[in-house]
Amino acid sequence: MAENIIEVKNLTKTFGDFTAVNDISFEVKSGERFAFLGPNGAGKSTTIKMLTTLLSPTAGSIMLNGHNLNQMSYKEKARNLAIVTQDIEVPDMTVEDYVLMGRLPYHKNYQFFDTKEDFAIAEKYMELTNVSHLRNKYLNQLSGGERQLVAITRALVQEPELLLLDEPTSHLDITHQVQVLNLIQQLNEQLELTVLMIIHDLNLAGEYCDQLILINKGSIQMNGKTEEVLTFKNIEDVYGTVVVTKTNPLSGKPAIFLVSNKILNELKMKIK
């Protein structure tokens, strides 16, 4: 059985009198594709920010490969995990220079220039993510989908074991959503990269993830395999929305169908 790369125990985060995350515990095994689901304001982003130490927990612990995450140095953390946010920064630099920033955790003291090894690693991952043809373009010249791929490339150049993604498909059309998630699936399988992400689209989560955590009001409502979590009852209980769940005939993964009020009212009329 795969070892746990992340172990979260009794994690809590409060802001004054408001509890954003309430005593949650979970584990992520090495090599898994894992996602947080839940309504807006459920505590997903707060949890991710604690996993990246952008926020400190009020209580509880986060262990990364057996080490307390909040006691690790910046370089240790950056060599073990990388994050891609939903809002990609757009500095005035070329794609290649931006990607090379992922090598900073490996620079020695007073090292001001990238090495041949840094360039080779950047080239390797630009080819893998199919963005090498963009190397001389500036970030503000790219589409949203291209920026997301470039941000993932920079994260890979850190050569982490764990990749954290905060809503990687937000603001993207279906073509780019599938492109990004196909790439993540490929990276997971080829590089044995562990992936932990927040995703709002239940169908994308069901199709591309192995394990899901359903969060509501700062607490874990369900933690398990996609088919265990994405049931109509769980979804209706957390989201307050009527859905129908079926099985994708090709992948065997759960698929969710929305039901409009018009159809519900027509069904009620037929039953009467």
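**Strands first, then the pocket**

Tutor: With a pairing, keeping in mind that this is a predicted model. Leucine 11 has isoleucine 24, in S2, as its bridge partner. Strand S1 (residues 4–15) and S2 run antiparallel, joined by 8 bridges.

Student: In what order do the strands of the open sheet lie?

Tutor: The order is S2-S1-S4-S5, 4 strands with antiparallel pairing. Strands S2 (18–29) and S5 (67–68) are the edges, each pairing on one side only.

Student: How do I read the side chains of a strand?

Tutor: In a regular strand they alternate between the two faces of the sheet. Take strand S9: Gln211, Ile213 and Ile215 point one way, and Leu212, Leu214 and Asn216 the other.

Student: Why is S9 largely enclosed by the rest of the structure?

Tutor: Because 6 of the 6 residues of S9 (residues 211–216) are buried. Buried means under 20% relative accessible area.

Student: Which way do strands S3 and S10 run relative to S9?

Tutor: S3 (residues 33–37) runs parallel to S9, with 4 bridges. S10 (residues 219–225) runs antiparallel to S9, with 6 bridges. S9 and S10 form a hairpin with 2 residues between them, and lysine 217 in the turn has a positive phi of about 55°.

Student: And how is a pocket found?

Tutor: Rolling a probe the size of a water molecule over the atoms shows where empty space is left. Here the largest pocket has a volume of about 560 Å³. Of its 23 lining residues, Tyr74, Ala82, Ile83, Arg154 and Gln158 are the closest to its centre.

Student: Which strand gives the most to that lining?

Tutor: S6, with 4 residues. The lining of the largest pocket divides into 14 nonpolar, 5 polar and 4 charged residues.

Notes:
Residues are numbered from 1 along each chain as its sequence is written. This is a predicted model: local features need pLDDT of at least 70, side-chain atom pairs count only at pLDDT 80 or more; totals for chains, interfaces and linings use all residues. Side-chain values use heavy atoms; hydrogens and water are left out. Two strands pair if DSSP finds at least two bridges between them. On a 1 Å grid over the protein atoms alone, a cavity is a set of points where a 1.4 Å probe fits but cannot get out, and a pocket is an open set with protein on both sides within 12 Å along at least five of seven lines; lining residues have an atom within 4 Å of a point. Grid points are joined across faces, edges and corners, and a volume is the space filled by probe spheres set on the points. Ala, Val, Leu, Ile, Met, Phe, Trp, Tyr, Cys and Pro count as nonpolar, Asp, Glu, Lys and Arg as charged, and the others, Gly among them, as polar. Buried means under 20% relative accessible area, exposed over 50%, partly exposed in between (1.4 Å probe, protein chains only).
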